Amino acid sequence: MSLRQKLRDFFNRREAAITGGGLKAIEKQVALGKLPARERIKFLLDPDTFHEYDLFVEHRCHDFGMDNKQLAADGVVTGTGKISGHPVCIFAQDFTVAGGSLGLMHARKITKIMDHAMKLGIPLIGINDSGGARIQEGVNSLAGYGEIFFRNTLASGVIPQISVILGPCAGGAVYSPALTDFVFVVDKISKMFITGPEVIKTVLGEEISMEELGGARVQTEISGNAHFYAESEQECFEQIKKLVTFIPWNNRKKADPFQARKPKPGLDIEGIIPPEPMKPYDVRNIIRAVCDDSDFFEVQKYWAANIVIGFARLAGETVGIIANQPLVLAGVLDVDSSDKAARFIRFCDAFNIPLVTFVDLPGYLPGVDQEHAGVIRHGAKVLYAYSEATVPKITVILRKAYGGGYIAMCSRHLGADFVFAWPTAEIAVMGPEGAANIIFKAEIASSPNPDAMRRAKVEEYTEKFANPYIAAANGHIDAVITPRETRGCLIHAIEISAEKHESRPTKKHGIPPF
Amino acid sequence: MNDGPDLKTLVIDGAAYQTRYTRKFACRKPYVAPDATTLVARIPGVILTVHVRRGQRVKRGDPLLVLEAMKMKNDLTAAHDGVVKTIHVEEGQMVAKGQLLIEFS
């Protein structure tokens with residue numbers, strides 16, 4: 001064969017392989033509002049940066065008539081590229097090829113690109129769109145899943161791992177995304193569950209649609225399995241592009257600094273907190289009033305909204321923000337909000353992202369359901385994560401910091417480097433109402449007018465203790481600052497913490513209250 | 001996922017806060033104490049065997065029923081000493097989750 005013939009042969013082979021499951025299957029995919037695998041990669045990555053590998057990999061199954069069946073690229077596209085200028089390893093399951101089903105070689109392609117990501121120290125992005133295990137390959141496909149989970153775990157805290165659910169992701173397959181750092185879902189396209197509606201109907205007699213069971217809304221609002229919700233694949237890709245700019249390539253690096261930018265004018269930071277301590281406000285406005293360009297990139301926006309987490313920049317440096325949200329459930333800590341905050345804190349700590357905590361919480365959510373759901377065990381995760389973290393830790397107490405909530409929200413006692421409090425801060429063992437009822441129980445009970453006495457005692461306690469000065473007098477906070485001074489104090493604290501080094505006792509690993 | 005004010009009250013340590021509820025909080029079920037005089041199905045399945053009769057005195061741990069569910073023949077045993085008042089199921093019957101199986105007196 002001449003070179004020309006060899007080239008023509010190669011072009012034919014390549015063309016056949018990148019057509020995936022054929023034009024009919026692609027049409028079906030598009031009719032479902034989904035993009036084909038290579039299109040997705042094209043839209044997600046910077047133009048002309050994608051390099052594909054293992055295009056000619058073939059399955060090795062001989063059973064059930066599989067030996068004469070060709071599956072293009074074995075149903076998964078793998079390669080490297082760049083997102084917003086950052087290098088990434090990527091794989092995308094191709095639903096047009098045997099429903100994106102996972103066989104041994106399909107899995108080997110994924111584990112190979114995962115190994116690359118680890119060696120090169122760059123983020124891994126996985127686009128999931130698969131019917132599940134390739135039944136014909138039997139236990140080999142299970143082996144494939146297991147090898148992926150193992151690598152997800154080893155890579156955890158070494159390189160950022162991002163999962164994008166753009167189709168079904170059911171049964172064991174859900175556990176690879178669950179082991180990664182951020183899960184993206186798209187309305188009407190993403191479906192995640194361990195057991196599907198069919199099984200639930202047969203076994204339990206309960207009827208439910210796929211959407212209600214494990215659709216995008218459910219995963220972002222109810223279960224907390226997903227971190228980002230989008231209306232379309234395009235919107236989802238924009239979210240990923242933005243996330244990548246906030247996080248470093250790996251755990252040996254810091255996130256790329258940006259040009260410092262002032263917050264947008266128009267947000268008066270002094271006007272956000274209402275004067276009445278029982279009135280709510282949106283803590284995200286405080287964050288926006290403080291951070292660069294007022295750009296707060298919120299994570300898990302819809303789940304456990306009583307705590308707010310996300311990324312922002314201060315003088316160009318990425319910070320991880322954790323803030324109680326008085327607008328929802330008065331900003332209490334509960335099972336879900338503890339879980340949400342703790343995992344985010346550990347991500348930031350693993351990837352050298354300083355933590356900025358805004359505190360305004362009345363305590364923990366009371367209720368039988370909370371106690372029985374293990375709020376003790378889940379709440380302990382927050383204490384663990386903050387105490388364990390060695391990145392710069394900066395805390396701003398905005399208003400209420402009572403009791404166990406005060407300790408949990410990155411207090412000095414859990415190793416905060418800088419603790420600031422606004423003059424509106426109330427740092428006390430509990431709220432004035434609760435405290436007065438206990439301390440002055442006898443006086444209130446024996447008074448001819450118990451209600452008036454209770455009010456007087458609440459006022460007395462508020463006057464004396466609902467302020468930041470007792471904590472300041474004891475050195476538990478470093479400075480009382482005005483709302484307008486907050487940005488400057490935070491930027492200074494981040495700047496001078498650039499070389500912070502704190503070590504922890506040598507151990508194989510801690511045992512957090514999972 | 002709405003941004004309206006729809007504020008509710010949440011009482012913590014005697015203080016009433018105005019705030020929004022999460023969907024989960026709004027939908028929480030009030031706690032109901034378990035009833036020692038009833039046996040209900042924890043999982044749906046089929047009753048294979050009924051070991052007891054009406055009026056029979058049972059001791060804690062005595063076998064009551066065999067419920068086949070989730071590919072297992074599950075032995076349901078008495079949680080307390082007592083007397084069987086009513087048996088609501090028979091052998092071969094399908095039962096749903098939460099269905100009342102036996103009452104004790």
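**Reading a predicted two-chain model**

Biologist: Which residues does Asp94(A) touch, not counting residues up to four places away in sequence?

Modeller: Two residues are in contact if their C-beta atoms, placed from the backbone, lie within 7 Å. With residues up to four places away in sequence left out, Asp94(A) touches Gly20(A), Gly21(A), Ala37(A), Ala73(A), Gly75(A), Val76(A), Val77(A) and Gly100(A). Please keep in mind that this is a predicted model, in which local features need pLDDT of at least 70 and side-chain atom pairs count only at pLDDT 80 or more, while totals for chains, interfaces and linings use all residues. Residues are numbered from 1 along each chain as its sequence is written, and chains are lettered from A and ligands numbered from 1 in the order in which they are written.

Biologist: Is Asp94(A) buried or exposed, and where in chain A is it found?

Modeller: A residue is buried if 20 or more other C-beta atoms lie within 10 Å of its own, exposed if 12 or fewer, and partly exposed in between, with C-beta atoms placed from the backbone. Asp94(A) counts as buried because it has 29 C-beta neighbours inside 10 Å. Helices (H or I, at least four residues) and strands (E, at least two) are DSSP runs, numbered from the N terminus, and Asp94(A) is found in the loop between strand E3 (86–93) and H4 of chain A.

Biologist: Which residues of H5(A) are buried, and why do they lie on the same side?

Modeller: An α-helix has 3.6 residues a turn, so residues three or four places apart point the same way. In H5(A), the buried residues are Ser141(A), Gly144(A), Ile148(A), Arg151(A), Asn152(A) and Ala155(A). They lie on the same side of H5(A) because they cover an arc of only 105° around the axis, the arc being that of the directions from the helix axis to the C-beta atoms. On the other side, Val139(A) and Thr153(A) are exposed. The buried residues of H5(A) pack against helix H4 (104–120), strand E4 (124–128), strand E5 (161–165) and helix H6 (175–179) of chain A. After H5(A) comes Gly157(A), whose phi is positive, near 85°.

Biologist: How many residues does each chain bring to the contact between A and B?

Modeller: Chain A gives 27 residues and chain B gives 23. On the side of chain A that touches chain B, helix H7 (197–204), helix H13 (368–372) and helix H16 (432–439) each supply at least two residues, and H16(A) gives the most, with 3.

Biologist: What does the radius of gyration say about chain A?

Modeller: Chain A has 20 helices and 17 strands. Its radius of gyration, taken over C-alpha atoms, is 26 Å, close to the 24 Å that the globule rule gives for 514 residues, so chain A is as compact as a globular protein of that length; the rule is 2.2 Å times the number of residues to the power 0.38. Of the 514 residues, 49% count as buried.
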